[in-house]
Each structure stands twice: as structure tokens, then as C-alpha cells.
Amino acid sequence: MNKPLAYSYIRMSTEIQLKGDSLRRQVELSEKYALEHGLELVRDFNLHDIGVSGFTGENQSESAALGVFLEAIKHKEIPERSYLLVESLDRLSRQNINKAQNLLQSITENGINIVTLTDNKLYEAYSTDPMQMIYSIIIMSRAHEESQMKSERVAAAWQNKRDNIETKILTKTCPAWLKVSDDRSEFIPIAERVKIIQKI
């Protein structure tokens, strides 16, 4: 008897996370779950979205790995009752709860089980269990709120910089013969480097 297939979806919103432990951790969690539950982990279907946002829904676009997978399940190219393994629901989506819930349901209603690896929670295909829906709403709502707050803080920080652009330099990045003063009010020439530039 053939083992059920499992597809590991890995998303990171920034490429910087590749330098950390995120990729290794997500891969190992998928391999461990597949082994323990008698699943065949599909390795030739690349389901990695690196530097792709789940807050904007970019990971569901036609060019994103998750978007390709969604199209595949709609066209029944993925066997029913296969498993989609994700570290947590926020890897799938950080959009508002309506959009996030629609995404979750579109996957399960197309016959695909979803497993969140951090808590070993199974969201069964075709399930009508209200507790499954309630639990997913709580998790996805919290993920959206976290991203919304982060987005607002970043926007506020940039607005503050724009408001002070006349009096403060926005970034310390500048030509190598200059440095930014401690109060960020001016560029200060570095004498020995200026001489080299002048000589050149």
C-alpha cells in the first residue's frame, strides 16, 4: 500500500532568516513528522517561498510556491488526502482573518490535510468540526494582529524620519570620506580620506 504524500511548505518573509536557523528547523520538523506518521515526503515539488510576505498575500500569487500548489490542488494534480506540512498557520497567511480562513478552507475543501508542526495540530480535509475552525481563527487572528502592529510601527518610524528630514539625516550610509555627526544633523569630512580623494 502506498504511503500518503506529504508536502512541506516553508515560507520566510526575509532572506535574512536564511542565515539563521529557520530553514533548517522547518525542514527537520517536516522530515520528523513524515517519518513518525508513515508519510512519504515529496522532495521534487519545491514549496519554498523565501523573502515572500504572508501579510500581503504575496505568497498566494501565481509566481509564488504556495500559489502554484493551490492551483495544483484545484486541478486535482495533488492526490486527495495528501498532507501539507507547515511550521505554523502564520507561514500560510498573516492576512486578515477572513482571507486567512478562506485560504485554509480552500486547501482542506480540496481534499488536503494541513498539519502545523509546532503543535502537531491536524486540520483535516473536508472537516466540519467547529472546534477546528475556531482554533484556526484564534491562531490566524493573532498572527494578523502581530503583523499589523509591526507594519504600523515601521510606517510610523518612517513617517517620523520624513517629518524630521530637514533637521536630521535619515541614514548613516554615506561616501567613505564622510561620517554622520552623533546628532545626525550634518555630514563631517574625514580629513585623511578627503586628502586621498583629492589626490585621486
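Which residues form a nonpolar patch on the surface? The close-up views below, taken from a predicted model, begin with that patch.

**View 1. A nonpolar surface patch includes Trp177.** The patch is formed by Trp177, Ile196, Ile197 and Ile200. Together they have about 430 Å² of accessible area. Trp177 sits in the loop between helix H5 (130–163) and strand E8 (178–180). Its relative accessibility is 34%, so Trp177 counts as partly exposed.

**View 2. Arg184 has a positive phi.** Arg184 lies in the loop that links E8 and strand E9 (187–189). Its phi is near 60°, and the residue is not a glycine. Arg184 is partly exposed, at 27% relative accessible area.

**View 3. Lys76 also has a positive phi.** The value is about 60°, although Lys76 is not a glycine. Lys76 belongs to the loop between helix H2 (65–74) and strand E5 (83–86). With a relative accessible area of 48%, Lys76 is partly exposed.

View 4. Asn110 is found in the loop between helix H4 (97–108) and strand E6 (113–116). Asn110 and Lys76 are 34 residues apart along the chain, yet their C-alpha atoms are separated by 8.1 Å.

**View 5. The Asn110 side chain faces a backbone oxygen of Ser106 at 2.6 Å.** Is Asn110 buried or exposed? Its relative accessible area is 18%, which is under the 20% cut-off, so Asn110 counts as buried.

Terms used. Residues numbered from 1 in each chain as written. Predicted model: local features only at pLDDT ≥ 70, side-chain atom pairs only at ≥ 80, totals over all residues. Heavy atoms only, no water. Patch = residues over 30% accessible without salt bridge, like charges linked within 9 Å, V, L, I, M, F, W, Y side chains within 5 Å. Areas by Shrake-Rupley, 256 points an atom, 1.4 Å probe, with all protein chains shown as cover. Salt bridge = Lys/Arg side-chain N within 4 Å of Asp/Glu carboxyl O. Helix = DSSP H or I, 4+ residues; strand = E, 2+ residues; numbered from the N terminus. Buried < 20%, exposed > 50% of the residue type's maximum accessible area, 1.4 Å probe, protein only. Polar contact = N/O pair within 3.5 Å; in protein donor to acceptor, adjacent residues only side chain to side chain.
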